Structures are given as C-alpha cells and as structure tokens.
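Subject: Structure for you to look at

Hello,

Here is the structure I promised to pass on. Please open it first, then read my notes below.

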Amino acid sequence: AIAGLWTTGSGTIDRPADSDVYFLPQRPYCPLGTLRDQLLYPSMPDHLMGEASYNPPDPKVHRGRASRSLTDDRLLSILDSIGLRDLATRSGGGDARLGLNVAADWSNTLSLGEQQRLAFGRIIVNRPRLVVMDESTSALDVSSEDRMFGLLRELATDQGSAGTPMAL
C-alpha cells in the first residue's frame, strides 16, 4: 500500500515523493550493468540519459538524481564504507577505478550478503528521506549488520542537520 502496488481498500497514506522513498527488500535487484550502475541504481546512469532505448525496470526511476554529482573517489569511498571496496579492486584487475566500469551479472556474482551491503550503498548514494526495509540484513553477520545500521544513523543525522531528516 505504501509503494502504491496494493490498490484495494480505502483511506489515505501520506508519504514523501517517490524520489524520496527507497524500498530495501531482502533480495536487492541488481540490474545488468557496471559496478557503478549497481551503486547508482535506481538513478539512471549518465551514459543512458536521453536514450530512447533505455527501459528502466521501474517507471518511477530517479532520472540522474545521484549519477551526475558523484566522483569515482566518492563511489569508492562508499564501497569502502559498506565493506566492498575490494570488489572494485578485484573486478578492475587491481585498479579499483577500472573496477567501477566492469559490467557483470552482479546478481549471480555477488553473495546475498554482498548484494544487501550494496543496497545500503545505494541508500548513501540516493539519500532518500524514507527507507522501508524488509529483512534487508538477513544475510549479514551481526558485525556487518551493526555497520550498515550505523551508516544509516550517520546519514539520518547528516540529513537532519541539513533540515531534511531521514526516517527508517
């Protein structure tokens, strides 16, 4: 009902705009593309902006909201914060920057725990005001789970001081 998928019933639900809400499921969606694309999802990658052939899986895709302002250094820093920087280094044959541009079938390359950590990276990238979570840390060990929730607390605090608090 919150996502607008369940249309039966009556009443109203007040929530932020679609671009300010992020749903974090147990098994995150990993679109075909580069490691950079995985982090930027659901933002439309810059190289696909304006291309008629681009069919996002979600019609409410964020059109470039995050993808235009993040440097390679920032993306690598985000990967580091979620414990996946080595993924970029391995993918790039020892060069993490090159690894950001490696395309792979990430849903079959990454373990479920890595996919879940990557989804937390997407929250850092997209900075939604509301995050709806459903078993989104089920494949993480206690230490990794604490680390991910710590990142969310930091993000909520940062956004709160900027006047747009984050809700979980």
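Arg36 lies in helix H1. Helices here are DSSP runs of H or I with at least four residues, strands are DSSP runs of E with at least two, and both are numbered from the N terminus. Arg36 counts as buried because its relative accessibility is 18%. Buried means under 20% relative accessible area, exposed means over 50%, and partly exposed is in between, with a 1.4 Å probe and protein chains only.

A word on the source: this is a predicted model, where local features need pLDDT of at least 70, side-chain atom pairs count only at pLDDT 80 or more, and totals for chains, interfaces and linings use all residues. Residues are numbered from 1 along each chain as its sequence is written, and side-chain values use heavy atoms, with hydrogens and water left out.

Back to Arg36. Which residues does Arg36 touch, not counting those up to four places away in sequence? They are Asp72, Leu75, Leu100 and Asn101. Contact means heavy atoms within 4.5 Å. Two polar contacts start from the Arg36 side chain. One goes to the side chain of Asp72, at 2.9 Å. Another goes to the side chain of Asn101, at 3.0 Å. A polar contact is a pair of N or O atoms within 3.5 Å; within protein, one must be able to donate a hydrogen and the other to accept it, and residues adjacent in sequence count only if both atoms are side-chain atoms.

Now the salt bridges. Side chains of opposite charge can pair when their charged atoms come close. The rule asks for a side-chain nitrogen of Lys or Arg within 4 Å of a carboxyl oxygen of Asp or Glu. By this rule there are four salt bridges.

- Arg36 and Asp72 form a salt bridge, with their closest N and O atoms 2.9 Å apart. This pair links distant parts of the chain, from helix H1 (residues 35–40) to helix H2 (residues 72–81), 36 residues apart. The C-alpha atoms of Arg36 and Asp72 are separated by 8.7 Å. Asp72 has 24% relative accessibility, so Asp72 counts as partly exposed.
- Asp73 and Arg97 form a salt bridge, with the closest N and O atoms at 2.5 Å. This pair also links distant parts of the chain: Asp73 is in helix H2 and Arg97 in helix H4 (residues 96–99), 24 residues apart. Asp73 is partly exposed, at 46% relative accessible area. Arg97 is partly exposed, at 39%.
- Arg90 and Asp86 form a salt bridge, with the closest N and O atoms 2.7 Å apart. Both lie in helix H3 (residues 85–91), four residues apart, about one turn of the helix. Asp86 is partly exposed, at 40% relative accessible area.

Next, the interior. In soluble globular proteins, nonpolar side chains tend to be buried together. A nonpolar core is a set of buried Ala, Val, Leu, Ile, Met, Phe, Trp, Tyr and Cys residues joined through side-chain atoms within 4.5 Å. The largest core holds 31 residues, and Leu24, Leu39, Leu79, Ile82, Phe120 and Ile123 touch the most other members. At least two core residues come from each of E1, H1, H2, H3, helix H6 (112–126) and helix H7 (142–161). H6 gives the largest share, six residues. Beyond four places in sequence, the contacts of Leu24 include Phe120, Ile123, Val131 and Met133.

Phe23 sits in strand E1 (residues 21–24). Phe23 counts as partly exposed because its relative accessibility is 36%.

Finally, the whole chain. There are seven helices and four strands. From the N terminus, the order is β-β-α-α-α-α-β-α-α-β-α. Of the 168 residues, 42% are buried. Among contacts between residues at least 6 apart in sequence, 65% join residues at least 24 apart. The chain exposes about 9000 Å², and carbon and sulfur atoms supply 50% of that. Accessible areas come from the Shrake-Rupley method with a 1.4 Å probe; for residues, only the protein chains shown count as cover.

Best wishes
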